[in-house]
Amino acid sequence: MAEMGKGVTAGKIASNMQKKLTRAQEKVLQKLGKADETKDEQFEQCVQNFNKQLTEGSKLQKDLRTYLSSVKAMHEASKRLTECLQEVYEPEWPGRDDANKIAENNELLWTDFHQKLVDQALLTMDTYLGQFPDIKSRIAKRGRKLVDYDSARHHYESLQTAKKKDEAKIAKAEEELVKAQKVFEEMNIDLQEELPSLWNSRVGFYVNTFQSIAGLEENFHKEMGKLNQNLNDVLVNLEKEHATSTYPVKAQPSDSTKANKTPSSPPDGTPITSPEIKVVNHEPEPSTLEAPGGGIPKSPSQSSLPTVVVDSVPATVNGTDENTAVSERSDMPPGFLFKVQAMHDYAATDNDELQLKTGDVVLVTPFENPEEQDEGWLMGVKESDWLQHKAFDQCRGVFPENFTERVQ
C-alpha cells in the first residue's frame, strides 16, 4: 500500500474519511429523530460544570495578569519617585544617606513582592489551567466515540430486523458494536471519575490563590509602612534643621549655547518688562461737540472711551497653530498614536491579545469603544504585520502596557 507520509497510508486516510462520513450521517438521523441517541444526563451536567470552571479560571488568569501589570507599573512609578527625591536631596542636607538607604530597600521590597506574586499565584494559576486543554480534547473524543457506538448499534439492529438475514454480516456488525462500545466505555468511565474531582478542586484552588495574594499584600504593605515612617522621620528632621539653618542659593553658571532658556534678568540689571499694553485715548480737540439735531453737546468723556490695544501672538501647540488639524499619516494604521517596543516576551492568553517577543515594535491605536479598555492595556498592531499585510482589523490586538516601552 502506498505511503502518504510518516505512518499514514492511503488505507488509513480512507478509513478516517469513512468514519467522519458515518458520524455525520448518524448525527443527521439523530437530529431528524430517525435514530435514537444515547444520553447521559449526569455526564452532561459534568461537562457544563467543566465549561463553567474553565471560563471562570481563564477570567481569573487574565485579571491576575492585569493585577501583576499594575503592580509592575506601580513599582516603576515608585522607583522614579524615589530617584527624584535622591536627585533633589542635596549632599549637605542631613539624612541623605538614610534617604538613599530607604530608596534601596523600597526597590528591593517592590521586586520581592512582584516576584512572589508570580511564583505563588500566577504560576500556580497557569498550572491549574494547564490540565483543561487535555480534558477538553478527551471530552470531544468521547463525543465522537459515542456517535460511533450509536451508529454501530443501529447498523447491528437493522441487520437483525431485516427480512433477509445475512448471518456473516450480522456477526461482523456485532463484532464492530462490541469494539465501539468498549472504546466508548473506557473513555466514559475515566471522565466520569475525573470531571467531578476537577470540579470539586476549584474551591481549594481559589482559597489558596487568594490567601497567597492577601498574605503577600499584607506583608508588603506592613514593610512598606515601616519604610514610609522612616522616610517621614528623615524629612521631619530635615525640616527642623532647615528652620534653624540658612542654605545659600548657589549661582548657576550660564550657558550661552542653549537656544531656549528660562527668562532671567540681563547682566546689566535691566528689569524684564511685561508685554507693552498701549492705551490710545481718542479724545477730540477741546471744543464744543454738537449733537445731531442741535441736541445737548457731549463732553469728550461721553463721546468716546479709551481703546485698549494689546499686541498678541497666535497660540501654538508644539509650533503648530492649534486651529490647524494634523492629518493622519498615510503609512500608519488608522488612528495611529505612537510606537512602543516590547521589553519582555508576552504569551497571549486570549484570541484578542497580541503575542509579543522582546524587540517587537507595536503601532498603538485607540480602542473603538474606550469603555472596553482595561487599565494597563493598550490596543495596537505589530509593525511587522502592518508593513507586510496592511491588514489592520485582522492583525490588531491588546497587550499589557508595562511589557513595553514607548519609543516614538
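Two residues are in contact when heavy atoms of each lie within 4.5 Å. In this predicted model, that criterion applies to His75, which touches Glu107, Trp110 and Thr111 when residues up to four places away in sequence are not counted. His75 lies in helix α2, and its relative accessibility of 11% is under the 20% limit, so His75 counts as buried.

**Overall composition**

The protein contains 8 helices and 11 strands. Of its 408 residues, 28% are buried. Among contacts between residues at least 6 apart in sequence, 68% join residues at least 24 apart.

**The pairing of α2 and α3**

Helix α2 spans residues 41–88 and helix α3 spans residues 96–130; their axes come within 10 Å and cross at roughly 170°. Because this angle is over 145 degrees, α2 is roughly antiparallel to α3. The residues of this contact divide into 17 nonpolar, 12 polar and 6 charged.

Arg65 is another residue of helix α2. With 18% relative accessibility, Arg65 counts as buried. Leaving aside residues up to four places away in sequence, Arg65 touches Leu122, Asp126, Tyr346 and Thr349.

Asp97 belongs to helix α3. Asp97 is exposed, its relative accessible area being 61%. The C-alpha atom of Asp97 is separated by 10.0 Å from that of Val234, although these residues are 137 residues apart along the chain.

**Arg142 and Met187**

Arg142 is found in helix α4, which covers residues 132–160. At 5% relative accessibility, Arg142 counts as buried. The contacts of Arg142, not counting residues up to four places away in sequence, are with Asp40, Phe43, Phe184, Met187, Asn188 and Leu191.

Met187, one of the residues touched by Arg142, lies in helix α5, residues 167–244. Met187 counts as buried at 16% relative accessibility. Which residues does Met187 touch, not counting residues up to four places away in sequence? They are Arg138, Lys141, Arg142 and Lys145.

C-alpha separations can be given for both residues. Arg142 and Glu186 are 44 residues apart along the chain, with C-alpha atoms separated by 9.3 Å. Met187 and Lys145 are 42 residues apart along the chain, and their C-alpha atoms are separated by 8.7 Å.

**Aromatic pairs and charges over rings**

The structure holds 10 aromatic pairs. A pair of aromatic rings is described by the distance of the centres and the angle of the planes. These two values are listed below for two of the pairs.

| Pair | Centre to centre | Angle between planes | Class |
|---|---|---|---|
| Tyr89 and Trp93 | 5.5 Å | 70° | edge-to-face |
| Tyr128 and Phe132 | 5.5 Å | 70° | edge-to-face |

Tyr128 is buried, with a relative accessible area of 6%, and Phe132 is buried with 1%. In the other listed pair, Tyr89 is buried, with a relative accessible area of 3%.

Tyr128 and Phe132 also belong to one aromatic cluster, which they form with Phe50, Phe205 and Tyr206.

A charge over a ring is also found at Phe403: Lys72 lies over the face of this residue, at 5.5 Å from the ring centre.

**A loop position**

Pro334 is located in the loop between β6 (320–321) and β7 (338–342). Is Pro334 buried, partly exposed or exposed? Its relative accessible area is 47%, so Pro334 is partly exposed. The C-alpha atoms of Pro334 and Val364 are separated by 9.9 Å, with the two residues 30 residues apart along the chain.

Definitions and conventions
Residues numbered from 1 in each chain as written. Predicted model: local features only at pLDDT ≥ 70, side-chain atom pairs only at ≥ 80, totals over all residues. Heavy atoms only, no water. Axes fitted to C-alpha atoms, helices over the stretch in contact; angles between N-to-C directions. Helix = DSSP H or I, 4+ residues; strand = E, 2+ residues; numbered from the N terminus. Parallel < 35°, antiparallel > 145°, perpendicular 65-115°, else oblique. Nonpolar A, V, L, I, M, F, W, Y, C, P; charged D, E, K, R; others polar. Buried < 20%, exposed > 50% of the residue type's maximum accessible area, 1.4 Å probe, protein only. Phe/Tyr/Trp six-rings, centres within 6.5 Å; stacked < 30°, edge-to-face > 60°. Lys NZ or Arg CZ within 6 Å of the ring centre and 35° of its normal.
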